[in-house]
Amino acid sequence: MNDMLNIIAQYQSEIWKAIGETFIMVGISIAAAVLLGLPVGTILYLCGKGQKYENRLLFTILNSLVNVIRSFPFLLLVVFMIPFTRLVVGTALGTMAATVPLSVVAIAYYSRLVEQSLLEVPKGVIEAATSMGASTLQLIFKFLYVEARSGLVLGLTTSTISFISYSTVMGIVGGGGVGDFAIRYGYQRFETGLMAFTIVVMIIFVQTIQFTGSTISRRIDKR
């Protein structure tokens, strides 16, 4: 036990750096999911079959794009996006480069969960909003999002946990973060204690996020 604590103390600066890099990757991914994934999921819902703003062409394009991205094996998507990543951030290596494919996946992943949450909103809510003369923005923000807020929070919680998992994979391609630290200092140097420590850290991250998201979801669910 003392040996493990000594090893952790020896690498504490690298550990904190790796945790910080993971927070950056996950944080930017969450921002992309909310800022872009939420609108995309909302458009998918509004333009779907039988909905108020049904648009088969737009729905087919967005739906196909989301499906393609979500069906791509993540590591292959990272490699496939290297030219685009270089175009955006100037390099294909490092933490900021890792945020590009992570953000793309985040947008696709969360948009689908948003669509599913909105589909659970009772049709009566839409009819009530329409009868009151609500504009499109009012329909979205004052009715749809309010009714689906619990599901939207749970969807973001699930997405965040997935983003953490994806961020560890980025360590394989030089993306930094906890995954990169575990490979370079744990696996390659045969430091089993460090490997175990990084696993515990990731478990704590995931459990904290799941507990927080579930608690918020329960409290805002007024159904």
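I take buried to mean under 20% relative accessible area, and exposed to mean over 50%. The model I am reading is a predicted one.

**Entry 1: helix 7**

I looked up which residues of helix 7 (residues 123–131) are buried. I found Val125, Ile126 and Ala129. I then checked how they lie around the axis: they cover an arc of only 100°, so they sit on the same side of helix 7. The face turned away from that buried side carries Glu127 and Ser131, which are exposed.

What do the buried residues of helix 7 pack against? I noted two partners, helix 2 (12–46) and helix 8. I also looked at the chain just after helix 7, where glycine 133 takes a positive phi of about 75°.

**Entry 2: helix 8 and helix 10**

I went on to helix 8 (residues 136–169) and its packing with helix 10 (residues 192–220). Two packed helices are described by the angle between their axes and the distance between the axes. For this pair I have an angle of about 170° and axes 8 Å apart. Angles over 145 degrees count as roughly antiparallel, so helix 8 is roughly antiparallel to helix 10.

I listed the residues in contact. From helix 8 these are Arg149, Ser150, Val153, Leu154, Thr157, Thr160, Ile161, Ile164 and Thr168. Helix 10 contributes Met202, Phe205, Val206, Ile209, Gln210, Gly213, Ser214, Ile216, Ser217 and Ile220. Sorted by class, the contact of helix 8 with helix 10 has 10 nonpolar, 8 polar and 1 charged residues.

**Entry 3: the salt bridge**

How many salt bridges does the structure hold? I count 1. Side chains of opposite charge can pair when their charged atoms come close. Here the side chains of arginine 112 and glutamate 115 meet, at 2.5 Å from N to O.

I looked up where the two residues lie. Both belong to helix 6 (residues 95–119), and because they are 3 residues apart there, about one helical turn separates them. An α-helix has 3.6 residues a turn, so residues three or four places apart point the same way. Are arginine 112 and glutamate 115 buried or exposed? I find both of them buried.

Technical notes: Residues are numbered from 1 along each chain as its sequence is written. This is a predicted model: local features need pLDDT of at least 70, side-chain atom pairs count only at pLDDT 80 or more; totals for chains, interfaces and linings use all residues. Side-chain values use heavy atoms; hydrogens and water are left out. Axes are lines fitted to C-alpha atoms, for helices over the stretch in contact, and angles run from 0 to 180 degrees between N-to-C directions. Helices (H or I, at least four residues) and strands (E, at least two) are DSSP runs, numbered from the N terminus. Angles under 35 degrees count as roughly parallel, over 145 as roughly antiparallel, 65 to 115 as roughly perpendicular and the rest as oblique. Contact means heavy atoms within 4.5 Å. Ala, Val, Leu, Ile, Met, Phe, Trp, Tyr, Cys and Pro count as nonpolar, Asp, Glu, Lys and Arg as charged, and the others, Gly among them, as polar. Buried means under 20% relative accessible area, exposed over 50%, partly exposed in between (1.4 Å probe, protein chains only). The arc is that of the directions from the helix axis to the C-beta atoms. A salt bridge is a side-chain nitrogen of Lys or Arg within 4 Å of a carboxyl oxygen of Asp or Glu.
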